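Subject: Handover of a structure

Dear colleague,

Please find below the structure that I am handing over to you. My notes on what was found in it follow.

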Amino acid sequence: MVVSADPPAPVLTYAEAVSRLRFAQKPKAQTPAYLRFVNRRLGGYLAAASFVRGWTPNRLTAISAALSLVGVVAVMLVEPSWWLGVLVSFALLAGFAFDSADGQLARLRGGGSPVGEWLDHVVDAVKSCLLHSAVAISVYRFVPDLSGWMLLLPLVFLTAYVALAFGSMLRDQLLRAQAGGRPAETGDSLMRGLLLLPVDYGTLCLAFLLLGAPKVFLAVYGILALLNVLFDLRLLVRTFRQLSAV
């Protein structure tokens with residue numbers, strides 16, 4: 001969640017800001033391990049530094065979008081290689097960290113706004129759609145010896161992402177409304193976080209390190225796509241039962 005206009009922010013040092021964020025965040029019951037243990041911590045450090053500098057969450061959202069766009073454009077335009085994989089993975093992971101930082105900065109500044117939250121979700125949706133489209137373009141341009149059906153992999157992965165993102169958000173809104181606005185369920189299950197790694201955006205970003213071996217990358221990408229589809233099916237069935245019970 002991000003903001004565009006806030007009341008004056010409290011005065012905190014960098015260390016105080018980091019400490020406040022560390023104790024304020026409670027993991028949800030279904031938070032993938034990379035997102036929880038790596039990305040949110042990196043985002044916290046970035047948010048604290050940005051807070052001290054007087055930056056706004058919208059600026060961090062813009063930085064996140066720019067970094068992600070660098071990775072996406074590189075995948076589309078440059079022939080796969082090991083150095084490209086490192087560049088793309090770094091750009092996407094850095095964008096992911098700033099995506100976490102904008103919401104944490106909003107928390108430090110006293111809360112977010114509807115327009116900020118809307119902007120954050122729009123950037124996330126565009127980023128993911130472009131990334132999977134970039135993979136399809138790269139396969140078409142630079143891996144011509146593969147079967148044409150391989151171009152369906154990005155489409156399958158993108159469909160799984162859309163179903164997961166919108167299905168989860170709408171489910172949470174409906175259940176929260178039925179629960180009278182109570183916060184989402186929290187939990188501290190390391191095992192569950194590890195099991196959710198295949199649907200973690202950070203895992204997808206790390207997979208681009210394999211771009212130097214396109215067929216290996218596509219094999220890993222395909223496995224992640226399949227696991228995301230299976231997770232989606234499980235989520236959809238479970239959500240249907242939850243909402244039917246309500």
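Which residue forms a salt bridge with Arg171? The partner is Asp172, and the closest N and O atoms of the pair are 3.1 Å apart. A salt bridge here is a side-chain nitrogen of Lys or Arg within 4 Å of a carboxyl oxygen of Asp or Glu. Arg171 counts as buried because its relative accessibility is 15%, whereas Asp172 counts as partly exposed because its value is 25%. For these terms, buried means under 20% relative accessible area, exposed means over 50%, and partly exposed lies in between (1.4 Å probe, protein chains only).

Please note that this is a predicted model, in which local features need pLDDT of at least 70 and side-chain atom pairs count only at pLDDT 80 or more, while totals for chains, interfaces and linings use all residues. Residues are numbered from 1 along each chain as its sequence is written, and side-chain values use heavy atoms, with hydrogens and water left out.

Overall composition

The chain has 9 helices and 0 strands; both kinds of element are DSSP runs numbered from the N terminus, with helices being H or I of at least four residues and strands being E of at least two. Of the 246 residues in the chain, 41% are buried. Among contacts (heavy atoms within 4.5 Å) with a separation of 6 or more, 86% are between residues 24 or more positions apart.

Salt bridges

The count of salt bridges comes to 3. Besides the pair described above, Lys127 is bridged to Asp124, with the closest N and O atoms 3.5 Å apart. Both residues belong to helix α5 (residues 114–142), where they are 3 residues apart, about one turn of the helix. Lys127 and Asp124 are both buried.

Lys215 forms a salt bridge with Asp145, at 3.2 Å between the closest N and O atoms. This pair links distant parts of the chain, 70 residues apart: Lys215 is in helix α9 (residues 214–245), and Asp145 is in the loop between α5 and α6 (152–178). Both Lys215 and Asp145 are exposed.

Nonpolar cores

A nonpolar core is a set of buried Ala, Val, Leu, Ile, Met, Phe, Trp, Tyr and Cys residues joined through side-chain atoms within 4.5 Å. The largest one holds 27 residues, of which Val88, Phe208 and Phe217 touch the most other members. At least two residues of this core come from each of α3 (57–77), α4 (82–108), α5, α6, α8 (201–207) and α9. Beyond its neighbours within four places in sequence, Phe208 is in contact with residues including Val75, Val88, Leu131 and Phe217. Apart from this core lies another of 12 residues, among them Ala48, Leu60, Phe98 and Leu108.

Cysteines and Ser100

The count of disulfides is 0, a disulfide being a pair of cysteine sulfur atoms within 2.5 Å. Cys129 is partly exposed because its relative accessible area is 30%, while Cys205 counts as buried because its relative accessibility is 0%.

Ser100 is located in helix α4. Ser100 is buried, as its relative accessible area is 14%. Not counting residues up to four places away in sequence, Ser100 touches Asn39, Arg40 and Gly43.

With kind regards
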